[in-house]
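Me: I am new to reading protein models and would like to go through one slowly, feature by feature. Could you show me the structure and then start with a single residue?

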Amino acid sequence: MKMEKRGRAAVVVLGDLGRSPRMQYHALSFARQACFEVDIVAYAGTEPHAAVLEHPSIHLHLMRQPIPPGLPRFLYLLALPFKTIIQFAILLWFICVKIPSPDFFLVQNPPSVPTLIAVRWACWIRKSAFLIDWHNFGYTLLGLTLGKLHPLVKVYYWCEKRYGKMADGCLCVTKAMQHELAQNWGIKATVVYDRSPEFFHPTQLKEKHELFCRLNKDIANPLGIHDCCSDGDIDQGMEIVSVTEDGTSLVTRTDGAGASYSRAPDCVAWNKQGMITTPERVEYTLFTNRVVARDNQGHEDDESISLNENRPALIVSSTSWTPDEDFSILLEAAIMYDRRVAAILNEFDSISEESLWKDFTKGKQFSFPRLLFIITGKGPEREKYEEKIRKLHLKRVAFRTMWLSAADYPLLLGSADLGVCLHTSSSGLDLPMKVVDMFGCGLPVCAVSYSCIKELINVDENGLLFASSSELADQLLELYKGFPNSCDLLSSLRRGALATGSAAKWASEWEEHVMPLVTEVMNRRL
């Protein structure tokens with residue numbers, strides 16, 4: 001469905017645009033599906049997706065944070081009134097003066113103050129429609145910092161409710177939130193479930209290998225410690241075959257840390273035409289091998305990429321490192337997994353970590369694999385948990401924390417074996433976007449159980465739910481016994497996740513639910 005008149009939309013995010021994927025998808029849909037000109041007003045920070053940056057109809061208007069994040073609590077309380085006033089003034093200047101007059105504003109909530117107030121004023125001044133996309137309730141997030149009974153939380157709640165009821169149309173992310181808005185706020189909202197866009201899809205083997213090569217340095221150099229996945233004992237790097245002056249072949253190997261050494265080649269191979277080939281370049285990562293060879297006539301043979309049989313299981317968790325995601329649950333589950341596997345395999349405490357890691361290097365396989373957790377994201381509690389990770393001494397579990405580009409993040413999800421979601425929601429009424437992205441890449445998920453999570457996760461179909469670290473550890477044992485070739489439950493959940501992710505994409509969800517609301521609101525104002 002297309003709008004007859006080419007309109008103009010303003011998308012407002014009082015936060016880091018690059019970390020607001022749903023609002024980026026809204027902007028893309030307004031530009032692509034409704035053929036609107038789109039102005040995005042948001043804070044600069046993380047780079048948005050390339051599709052947003054490259055679309056000719058999307059125009060970015062980026063603000064700077066007035067007060068740096070991460071202040072101590074007492075300074076935060078002192079700065080809060082000044083921060084709000086400065087934010088209000090800057091935002092009002094952008095949406096009333098710097099951007100062309102739009103047909104409507106679509107604003108992300110939370111944050112509610114001063115966003116909803118500033119946008120409502122701009123709508124009066126510019127005679128534009130006022131739309132809110134409710135992702136959560138701002139007063140509940142403030143309550144995590146100040147306490148639910150703090151006077152500022154009550155004032156915030158009053159502002160959020162009052163200005164929320166002034167909207168010409170509302171969207172929300174769950175049926176539970178829709179019910180809460182209708183029953184207790186007097187607001188009618190349309191449910192628009194988060195769906196992954198087209199660039200979230202299963203990752204091909206070649207893409208996996210190229211990704212692991214790019215991430216090799218981050219994976220091979222852990223957080224100041226030596227562990228079961230670091231490059232001290234694991235084959236990661238590259239081998240290049242060259243011919244010396246006397247005609248003999250020589251292999252030069254570069255490991256993940258950049259060290260080099262030389263040796264004779266291990267073998268030759270035969271191609272389909274029966275010609276002898278010698279590997280010219282062998283690229284090793286923790287998860288994959290790639291062999292590029294030339295035949296005896298000097299022509300490059302077909303490259304060969306394979307997954308390593310004794311690779312660790314790759315688990316991805318994306319987090320904002322905030323209080324509504326208790327990362328300690330994952331750390332405790334990792335410790336329990338490590339100890340329970342040792343008990344199941346009757347390993348004595350006297351067996352050293354180095355001895356076990358050498359067995360991994362030699363290709364020895366166990367009934368339970370090593371686990372590598374890659375934790376992506378930025379946030380205030382990251383350094384605190386990185387310090388806790390450094391103090392762990394686990395034989396079969398390793399952690400890496402990193403921030404990935406918008407292009408590499410979907411590739412990592414599609415390369416992983418399992419996703420873990422620790423999101424609990426300050427209101428209990430929103431759903432984690434990260435799980436939607438994981439399903440789009442065919443990645444099954446273990447998630448913390450809370451009130452409305454079953455709107456997204458179907459237990460034993462596309463994921464599992466847990467309520468404690470012990471329960472998560474049990475699920476890891478159940479899922480990974482016999483990895484990588486004999487994990488029936490994990491394979492079944494992967495098929496379910498792929499089916500969920502491919503059943504509906506963002507464009508179809510937006511066309512069905514957002515476009516009719518936008519059309520209705522604009523027609524009411526004619």
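Reply: Let us begin with Ser415, which counts as buried because its relative accessibility is 8%, and buried stands for anything under 20%. This is a predicted model, and Ser415 is found in it within helix H13, which covers residues 408-415.

Me: Which residues does Ser415 touch, not counting residues up to four places away in sequence?

Reply: Ser415 touches Thr203, Lys208, Leu211, Phe212 and Leu314 when those sequence neighbours are not counted.

Me: How many helices and strands does the protein have, and what share of its residues is buried?

Reply: The secondary structure comes to 17 helices and 20 strands, and buried residues make up 54% of the 526 residues in the protein.

Me: How do I read the packing of two helices, and what is the angle between helix H15 and helix H16?

Reply: Two packed helices are described by the angle between their axes together with the distance between those axes. In this structure, the axes of helix H15 (residues 469-480) and helix H16 (residues 488-503) cross at roughly 95 degrees and come within 6 Å.

Me: Which residues in H15 and H16 meet?

Reply: From H15 there are Glu478, Leu479 and Tyr480, and they meet Leu489, Leu490 and Leu493 in H16. The residues of this contact divide into five nonpolar, no polar and one charged.

Me: Is Leu498 in helix H16 buried or partly exposed?

Reply: Leu498 lies in helix H16 and counts as partly exposed, because its relative accessibility is 38%. Leaving aside its neighbours within four places in sequence, Leu498 is in contact with Pro202, Phe439 and Gly442. The C-alpha atoms of Leu498 and Pro202 are separated by 8.1 Å, although the two residues are 296 residues apart along the chain.

Me: How should I read aromatic pairs, and how many does a search of the whole structure find?

Reply: A pair of aromatic rings is described by the distance of the centres and the angle of the planes. A search of the whole structure finds 23 aromatic pairs. One of them is formed by Phe30 and Phe104, a tilted pair with 5.3 Å from centre to centre and 55 degrees between the planes. This pair links distant parts of the chain, with Phe30 in helix H1 (residues 21-32) and Phe104 in strand S4 (residues 104-109), 74 residues apart. Both Phe30 and Phe104 are buried.

Me: Why is the pair of Phe327 and Tyr385 edge-to-face?

Reply: The planes of the Phe327 and Tyr385 rings stand at 65 degrees, with the centres 5.2 Å apart, so the pair is edge-to-face, a description used for angles over 60 degrees. It also links distant parts of the chain, as Phe327 is in the loop between strand S15 (313-318) and helix H10 (328-344), whereas Tyr385 is in helix H12 (residues 382-390), 58 residues apart. Phe327 counts as buried at 1% relative accessibility, and Tyr385 counts as buried at 5%.

Me: Which residues form an aromatic cluster, and where do the charged ends of Lys378 and Arg396 sit?

Reply: Tyr25, Phe199, Phe200, Tyr409 and Trp506 form one aromatic cluster. The charged end of Lys378 sits over the ring of Trp403, 4.7 Å from its centre, while that of Arg396 sits over the ring of Phe366, 5.0 Å from its centre.

Methods. Residues numbered from 1 in each chain as written. Predicted model: local features only at pLDDT ≥ 70, side-chain atom pairs only at ≥ 80, totals over all residues. Heavy atoms only, no water. Axes fitted to C-alpha atoms, helices over the stretch in contact; angles between N-to-C directions. Helix = DSSP H or I, 4+ residues; strand = E, 2+ residues; numbered from the N terminus. Contact = heavy atoms within 4.5 Å. Nonpolar A, V, L, I, M, F, W, Y, C, P; charged D, E, K, R; others polar. Phe/Tyr/Trp six-rings, centres within 6.5 Å; stacked < 30°, edge-to-face > 60°. Buried < 20%, exposed > 50% of the residue type's maximum accessible area, 1.4 Å probe, protein only. Lys NZ or Arg CZ within 6 Å of the ring centre and 35° of its normal.
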